[in-house]
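Please consult the sequence and structure shown here.

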Amino acid sequence: MSVLTRDEAQTRAQLLDVHHYTVDLDLTTGDETFESTSLVRFTARTAGDTFVELKPVTLHSATLDGKPLDPASLDGNRLPLTLTEGEHELCVRTTMRYSRTGEGMHRFTDPTDGESYVYTQLFMEDVQRVFAAFDQPDLKAVFELTVTAPEGWTVLANSLTERQDDGRWKAAPTPLLSTYFVCVAAGPWHSVRTEHAGLPFGIHCRRSLAAHLDADAEEILAVTRACYDRYHEKFDEPYPFDSYDQAFVPEFNAGAMENPGLVTFRDEFVFRSAVTDTERMTRAMVIAHEMAHMWFGDLVTLRWWDDIWLNESFAEYMGYQTVNEACSDLFADTWIDFGVTRKAWGYEADQRPSTHPVAPDPDAVPDTASALLNFDGISYAKGASALRQLVAWLGESDFLAGINIHFKRHKFGNATLADFIDNLAAATDRDVHGWAEQWLRTTGVDVLTPRLTGEGARWQLTVDRDGGRPHRVDAGVYDRDPSGALVLRERRQLDVPQDGPAELTGPRPALVVLNDGDLTYAKLRFDKASEESVLRGLSRLPDPLTRAVVWNALRDMVRDGVLTPGEYLEAARAHLTEESELALVQGVLGFARTQIADRYVAAEERPAALATLREIARALLRRTEDGDSPGLRLTAVRTLIDSATTPDQIASWLDEGTVHGGPELDPELRWRILARLAVLGATDEAAIAAELERDPSATGQEGAARCRAALPDAGAKAAAWSAMFDTDDLSNYLFTATARGFWQPEQAELVREYVTRFYPDAVALADRRGAAMAEAAGSHAFPAHAVDAAALALGESHLAGDTMIPALRRKLVDQLDDLRRALRVREA
């Protein structure tokens, strides 16, 4: 199959003006395939040759202006067209295959009740798996869809749908859309419908999740309404589509997808087990993120994929900011969670060999395969951080004025980075073009370090910068009061490097925190006295956002070999048990468990690291015995389970169905315990089968796959490996569950032979099953536990060849860089 190049897209956009698609889908022809007919009306500005894309099982017929085309002329995914100047009509009739990988038209059968569901995910180039199309974002058109579905199904689409007398479902014509936004979701959905601001709103899920959606429906709809209203306060352009549906769909590869009028979410957001408030806030942020795309991405769309950051950075920033503003009655400061989780993702991506500018040069994104690699922590988290810094520098009113100019000038069209910057510049006297060059066209993370000079009651604060970007930051200056608490003396706004030293009066501060408030994107260091104050008194800082900035700094110091893993764990032991901000507890424990305990400490030091985590978790359990902090208690229980090195306590919880003092064990906790018991060799196939009988849901199937792969038995490992790599029977989710169970630090000797097998098997899998499964293999089936020079050399030798598809190569480049970093941390 040929990938579309930027040059080809530009040539085709100059030739064609696409007006209208009429798409007819028949979903009643079996479990493996469906029938697809597309009728495309378009204009050729001049005579010329081009092509339309499709990936059929069978191309039955194609006609251009009523004249048949030879189906044998289909070359890979391209059907060639020779055009005269003027109006044309292309009709293509195909049989298409359902996917089990979350691409194209994904089909899922719910093991709970046997009901089947299908939905489309057409991002980048997967519309070709569903119907023939001129598949590039700047050839927008009107879409009219008709769907034949089994009796009892409901069909959802980008626009309002109605069941016809002949049993087919017809969707209203859409406004102009890019091909990758077309969406259909069909099945016996459970739906909750309402109306807001004169528009139909709906939320939908599988029937087996109905009770769980109903339990959270009011919260989901309250967030949706609040964000909708807030965006209408921010944006001059009204919501541009005829309805707003949100479908929670199974086995979804992303968090969500911004299909106009029909946003699809992974249905893990329909919580069937207990979750923390932070996890609920994450769901709210994703709702706000996808709704922001209705304007930035859907109404105004990128011209080519080098500007994907225009979609994702904007939605990421707006998602966090809007939930913070519109849902403050439901959730704490969202920027704390952003700093702990999303921003860390950006810092990691930006320090790897695969880093790229937020806005890469167009030549760096020559085709769709390379574009797919840029959906990472840079395009999301770093870009959102840059926009947050821009808002701090411009002021929000000028920023929103520029955004509204952008929407007005380009609505229902396409725009570039140059357009975006020009429109921002039209709303301010500041040099936005210069800012963009420094922030959006460069790579890497600046490092900011405070330096104090002086004596007595007069001090000068200078910010040393390692890097080239300008930063507007708040510097928090803290003293220690008689009780030992760190008290804010003053907060100074500084422009780095433009400002000279800041003059401070009074005794030498106990602590200086640069970027207090977390408005810029940079790694932070401390002067020696501040570092000592932090390690002694972090929990005594009054503002949770300040504590988030400090914890992030300590995390970066560990990753850079400046602070030892042991010192980080000691800081966690000293301060986490007093922490009130749940997002911080989850973030610190997550980093300590998955990075420090599993990768950054040597094998012989790992038991002590896990013991420290259990000590922290037990202290949190004691602190939450009164039941006032269920999220904190749930986090502690999860940590105790994941860090157990002996089975007795967690096995007793499983037997009794409860943690002493609560909580009762729900399905998520039961599978979590069973997975850890499997790692420890304290359970067997009979127990896994019994648990699956108790919970036969899709999540239960994934839990069982993970547990079976985690058993410390050569036969179990062989069966798991064969299921992943020797056949293509596993769906994307079952593959991931199996991979997550397979590699365990406790079982390094047992799985040693598979380290060498990974590379050829992963390459073969990626070649057979494509980019989504390549991503899954590179992310979850990689032997991350093998932190040694031999494993690194093995990986580097395989990367030296040129046999991998880009999606797998990119994941392995990142994994091997993380491995190098883990080795450096151990050596340091």
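Q: Is Phe375 buried, partly exposed or exposed?

A: This is a predicted model, in which local features need pLDDT of at least 70, side-chain atom pairs count only at pLDDT 80 or more, and totals for chains, interfaces and linings use all residues. Residues are numbered from 1 along each chain as its sequence is written, and side-chain values use heavy atoms, with hydrogens and water left out. Buried means under 20% relative accessible area, exposed over 50%, and partly exposed in between (1.4 Å probe, protein chains only). Phe375 has a relative accessible area of 23%, so the class is partly exposed.

Q: How many aromatic pairs are counted?

A: Rings of Phe, Tyr and Trp (its six-membered ring) pair if their centres lie within 6.5 Å; planes under 30 degrees apart count as stacked, over 60 as edge-to-face and the rest as tilted. By this rule, the number of aromatic pairs is 50.

Q: What kind of aromatic pair do Phe123 and Phe375 form?

A: The ring centres of Phe123 and Phe375 are 4.7 Å apart.

Q: How many residues apart in sequence are the parts that the pair of Phe123 and Phe375 ties together?

A: Phe123 lies in the loop between β9 (116–121) and β10 (142–148); helices (H or I, at least four residues) and strands (E, at least two) are DSSP runs, numbered from the N terminus. Phe375 lies in the loop between α6 (368–371) and α7 (378–394), so the separation in sequence is 252 residues.
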